[in-house]
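Reader: I have a structure open and would like to go through parts of it. Can we start with the helices and then move on?

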Amino acid sequence: MTPQRPAAKSVCVIGLGYIGLPTATVLAQSGATVTGVDVNAVTVDAVNRGTVPFVEEGLETAVAGVVAQGRLKAQVEVSPAEAYVVAVPTPFTDEHRADLTYIESAARSIAPHLTGGELVILESTSPPGATERMAEVILAERGDLTGEDGHPNSVYFAHCPERVLPGRIMIELVQNDRIIGGTTRAAAEMARDLYSRFCQGELLLTEAKTAEMAKLTENAFRDVNIAFANELSLISDHLGIDVWELIELANHHPRVNILKPGPGVGGHCIAVDPWFIVSADEQNSRLISTAREVNDSKPRHVVEQVMGKAERFRQPVIAALGIAFKANIDDLRESPSRNIVAELAQRLSDGKLLVVEPNIDELPPDLAVRTNVELSSLSDGLERADIVLLLVDHAPFNHVDQDLLREKVVLDTRGLWRQA
Ligand code: SAJ
């Protein structure tokens, strides 16, 4: 039986990171009273001052607005609400399995506040079965409550994975279609009513496990497609073919659309999520796990290429253009380019690595301690380098004067200058 109640007006969002904070903010903008919870007191203080501890276009103004209106406040403890949104990290272990510790501890912190009738939504990207697991943890703590529909003491559980692109989060949160998977139909409908507060995209109802798998599938699809491009780049290098020309030609076919090869796949989504499918059904995920391996092998290949070119110089100076995980962001986490630079720094016995990264002001600590690595401007890097290694297609690199590269050994892992 579907509960007859309006969309939740009070919401507690647990985890104020890249997804939780924007979600709390758009919920507050939609008129809900939102409590944002984070274990990190620095984050809590920042939000309560109307500021944001990371860079995301349009977020800070929005946070400042809802905090000033009293619609969003942050704290370290969970407090009672009609709906809870869990947006905590799901890291993976060394064996490529999802670590559900943060989800379980969020569930335990919610359990004491429930009275029956509440909705608990898991937003974190999760392996199939994680929403059921979250429900189990809560119901194990609270024997007086049930996960079945229609009782006065029912609690409703759903999985609503985020699918927003970093850099466009505030737009995509509102515009993207949303998959909403309930452990029961009533749970899915309650979650739909909550998301319809701010989401202009289609709200697609399904069951929790399918929703979990759908999110992983989207990222695995992209990973497999990038792996195909990366594999073509390895084959082309071996056969002496220009992979960019090859892909451009093949893409003229009306049903072929090959993605771009690069120095590897980074970020905390595409390079991680496919492993959650593999660990759920290893036997049947051969293509997905091979794609991960192909993409993970690409940075090694780039390092070998550079080391091969460096042999001809006594003290090679290498300008590495970009260490973010993709174009036009400052995020260095799980970045193949950063790993390539670290590996090169370790292997170069003599010579210098000039890191050109327009989106940061200082090198991360692991690179800063290396005496053969320095942060450099684009013009300085290009002038001093014997070898120019393009790793990220940041916008400023588009306009490099090709005359400056004429005397240099150039390794363009993104094919950016091919079109120049
Ligand atoms: N990359 C290539 N070649 C390409 C495209 C990407 O090498 O042709 C590399 C990028 O350089 C980067 C990595 O892949 O290292 C991932 O970048 P991305 O732009 O493909 O994706 P993310 O990780 O920023 O965001 C993805 C998005 N998922 C899909 O497009 C299916 C986003 O919508 C998700 O919300 C996000 O993962 C997430 O949070 O899961």
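Reader: At what angle do the axes of helix α10 and helix α11 cross?

Author: This is a predicted model. In it, the axes of α10 (residues 273-280) and α11 (residues 286-310) cross at roughly 140°. The two axes come within 9 Å.

Reader: Is that crossing left-handed or right-handed?
Author: The crossing of α10 past α11 is left-handed.

Reader: Which residues in α10 and α11 meet?
Author: From α10 there are P274, W275, I277 and V278. From α11 there are I288, S289, R292 and D296. The residues of this contact divide into five nonpolar, one polar and two charged.

Reader: New topic, the ligand. Which residues come nearest to the ligand?
Author: V164, K215, N219, R222 and F325 come nearest, out of 20 residues around the ligand.

Reader: And how do the residues of that shell divide into nonpolar, polar and charged?
Author: Nine are nonpolar, two are polar and nine are charged.

Reader: Which helix gives the most to the shell?
Author: That is helix α8, residues 208-239, which gives five residues.

Reader: How far is the polar side-chain atom of R222 from an oxygen atom of the ligand?
Author: The distance is 2.5 Å. E162 also has a side-chain N or O atom 2.9 Å from an oxygen atom of the ligand. With R163 a polar backbone atom is involved, and that atom is 3.0 Å from a ligand oxygen.

Reader: How much of the ligand's accessible area does the protein cover?
Author: On its own the ligand has 780 Å² of accessible area, and the protein covers 87% of that.

Reader: Last one, K9. Where does K9 lie?
Author: K9 is in the segment before β1, and β1 covers 10-14.

Reader: Which residues is K9 in contact with, leaving aside neighbours within four places in sequence?
Author: A32, T33, E82 and R197.

Reader: And how far apart are K9 and Q200?
Author: In sequence, K9 and Q200 are 191 residues apart. In space, they are 18 Å apart, taken from C-alpha to C-alpha.

Notes. Residues numbered from 1 in each chain as written. Predicted model: local features only at pLDDT ≥ 70, side-chain atom pairs only at ≥ 80, totals over all residues. Heavy atoms only, no water. Axes fitted to C-alpha atoms, helices over the stretch in contact; angles between N-to-C directions. Helix = DSSP H or I, 4+ residues; strand = E, 2+ residues; numbered from the N terminus. Left-handed = near helix turned anticlockwise from the far one by under 90°. Contact = heavy atoms within 4.5 Å. Nonpolar A, V, L, I, M, F, W, Y, C, P; charged D, E, K, R; others polar. Near = heavy atom within 4 Å. Polar contact = N/O pair within 3.5 Å; in protein donor to acceptor, adjacent residues only side chain to side chain. Areas by Shrake-Rupley, 256 points an atom, 1.4 Å probe, with all protein chains shown as cover.
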